[in-house]
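Please look over the structure below with care before reading on. The report that follows takes up a few of its features in turn.

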Amino acid sequence: MATHTDSQFHVHHDSPEQIGRRERLGVRLLIVADGAFVFGMIFSYFYLKNLNSNNGWIPVKGHTFTAISGWWAIAPFVVVAIIHRLAVRNRSIFGLVSILAVLILAAGMYYQWHQMATMKFMHTNDAGDNVFEGAYASNWVLLAGANMFHYILTLFIALGLAIRHKRAHVNATLETWRQRTAGSWFTWTAISGIALALTTTFIR
Amino acid sequence: MTTLDHKTTTRPVPNPKKSLITKLNMGTGIILGVAFAFGTYYWLKSGQDMSRPNNVNKVLIVTMFMWSLGFMIGIGAFIGPFRWLIGKDLTPEEELYLAGDGQGIKRYFKYCTDHKVVGIQYLVGVMTLLGVGGTMAMMIRTNLAMPGSKLVTPTVYNSLVGLHGITMIIAMIIVATGPFGNYIMPIMIGARDMAFPRLNALSWWVLFTAIPVLCSAWFLGGIPTGWVAYAPLSVQAGPGMNAFLCTIIIFAVSTAVAGMNITATVVAMRAKGMSWNRVPIFVVGATISVALAIPAFPTFMLSMVQTGLDRTIGTGFYDANMGGSGWLYAHLFWIMGHPEVYVILIPGVAVLMEILPVFVRKPLFSYGAAIAGFAGIAGLSAFVWAHHMYMSGWLPMFNGPFMVTTEMISIPTGLIFLVMLGTLWQGRPWMKLPMLSVYAFLWNMLIGGITGIYLSDVPADNYLHGSMYVTAHFHYTLMGSALTGAVAGLAYWFPKMTGRMLNERAGYISFWLVQVGFQVLFLGMFVAGSEGQPRRVADYAHMYAHADLISTIGAYSVGTGFIVLLWAVVHSWRHGKIAPMNPWGAKTLEWTVPYPVPLTNFPDDAMPVVTSDFYGYGKAVK
């Protein structure tokens, strides 16, 4: 058994501040990559909508989600981004807020999954294959999948913050940085969620 | 920047020898990866009607991703995130263990976080990929040696072309930023490691898992689409296509992580005094290259995700009957596809610019112009993608603007030439092996660049597109320029990476065999292409026979040259002359550390402080 002090904090002898700043930069660069992916999805949506090749944008039977349903699916991202920001400023409520964030994200994830499980524009053809009716349906399922991916990742981060809060053997300075860095990700998921929800309001 | 947090913690540290980290390695990764893959395959297969192509695609794609996931779990990639999740961060001892401290050769087969180990892993990986891709190239050229050749069937030929293309593209994207960006770059900027050592290991091992996936394409019927995998052909293609798209998705994850890591390292970890105008030009080039890749590659990934969804769950992104469009794929692919050329090219050129002042003993001529050249190329590359779609019928009125933006790339490229020629001007070059590549680059890039202007011109492209002329053009830019730069980097940094000098005589033989053979190969191909020989076709008319035979002879010279280089690398690594600490008398920081480079690169009490740029040859230090 051995002990360590913060002077041995990092294998390359960096201070928590250095590591914290670096991690924030890294997360923001990953957000750029994710942003390009999100932009590509929005581009696909409007490209195919406006092209409307063979009049195939809207499903044959006209089944689409309502414009508001997309907003419900991403609302948890927005709520979590806001309450996390408040909690970082007022540390006394951080523990409560982090647990609340986990619950909100879990509920949002369930709602997104429920939407995907009940979409009416997918059916099985005579040959037994799934068929999505129209390009709207194809794009919708992709956007919903992207939201789901964001939910999984964000829930992991929120859960980590909740578990780590007030643990004695977590470096306090670095943890503060990580909470702020997580805030960058939460803000991004809210922005991307809004962008995707806004996209799906343009149905016809 | 604040100092250390002085709060003392007394958390007991588990003995690394009893920790799970110590028991995981490449072997456990392969075992778990294979177990995940087989388990998934048989589990999914049992519930599916495997006579349906969609179901086959679904089962195969999930199986391939589960191999990758299983491998990463098995090698220990997720220990760090899991420990973070439960609030038990890795201890310094465990981090030291992960960095491969005192583990000898075993660390190369582990999830090792030391940037030098990752650099060597990339080097070996790149050489393997180039060997595999090169072997396929030789098979292609052998088949094309004379008309009517039956060495391979047309189907196999198509797969050879596609797999050669994607293998080489992957290899070329990482050829300079992988080995040198990981091994050399952190030392060059005076850092102790990369910004995110665990993600550094992740980027390599994730890429590693893509290699067997790509190889599996051979056993699943190959890919008939070429490396561009145009839809809807790629949606309708056989099971081998699943391997292709899984490879791209896995590779895109690796590239995003590596690009983020290199960028963050350069931005946040430069030595004291290393202001932006003192950063070595290789570091600038590598950073611009990966920073360009960060937003570009996700669109490629998206095109593959959409292809995968079309192939598995019945979406119709690229099916016109379902409201989709093949043009959408072309846009997403080429929005990445053209910047990708510069992701490959810029680091290779930057290596040569790094080498040039050392061997001419003159300052780099206009450091600012070099950066403007790189930045101009990178910036413009985002606005040229549709020149690949002139003949697709997509918005002909946009052909003109895209022709202009494409031709404008000649201007920053001209700056690159200006800097190199200006540095050479009135210099007395020290003609060592790395320096030869500078001249080869100038010649090859001149031909590659000028022929590119013809292809960017709409009327000329109307005739030349889809011909061997295009193939010759991009080989001049990617192989003749970028790979030449990477080989120069290998010769230049070999002493620092291995502690030994590269066999110079073998290096010279290799250089001349490759470069002379290269001209014979691709100038012959220009002739055939100008006469109208289409690319990606297994057979051709007799009128192209002479040009193709000449090209094949050139290809054998290139192949022989690379075998000689491979021998030189392997032999020199084991038996080469012991290298002095700074054999070239260079001024950059990597030459100030001994071999083997210590784990933290620089001693704690002697971190480098930069007081001038690194190219002050023949002038007083500023």
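## Terms and conventions

Helix axes are lines fitted to C-alpha atoms over the stretch in contact, and the angles between N-to-C directions run from 0 to 180 degrees. Helices are DSSP runs of H or I with at least four residues, numbered from the N terminus.

This is a predicted model, in which local features need pLDDT of at least 70 and side-chain atom pairs count only at pLDDT 80 or more, while totals for chains, interfaces and linings use all residues. Residues are numbered from 1 along each chain as its sequence is written, chains are lettered from A and ligands numbered from 1 in the order in which they are written, and side-chain values use heavy atoms, with hydrogens and water left out.

## Helices H5 and H9 of chain B

The axes of helix H5 (residues 115–143) of chain B and helix H9 (residues 197–219) of chain B come within 10 Å of each other and cross at roughly 20°. H5(B) is therefore roughly parallel to H9(B), a description used for angles under 35 degrees.

Residues are in contact when heavy atoms lie within 4.5 Å. Among the residues of H5(B) that meet H9(B) are Tyr122(B) and Leu129(B), and the H9(B) side includes Trp204(B) and Ile211(B). By class, this contact of H5(B) with H9(B) has 10 nonpolar, five polar and no charged residues; Ala, Val, Leu, Ile, Met, Phe, Trp, Tyr, Cys and Pro count as nonpolar, Asp, Glu, Lys and Arg as charged, and the others, Gly among them, as polar.

## Helices H13 and H19 of chain B

Helix H13 (residues 326–360) of chain B packs against helix H19 (residues 468–498) of chain B at an angle of about 45°, and their axes are 8 Å apart. The residues of the contact of H13(B) with H19(B) divide into 13 nonpolar, five polar and one charged.

## Backbone details

Most residues other than glycine have a negative phi, and most peptide bonds are trans. The peptide bond from Ala231(B) to Pro232(B), however, is cis, with omega near 5°, and Pro232(B) lies in the loop between H9 and helix H10 (233–236) of chain B. Leu395(B) has a positive phi, near 35°, and is found in the loop between helix H14 (367–381) and helix H15 (399–408) of chain B.

Conventions
Helix = DSSP H or I, 4+ residues; strand = E, 2+ residues; numbered from the N terminus. Parallel < 35°, antiparallel > 145°, perpendicular 65-115°, else oblique.
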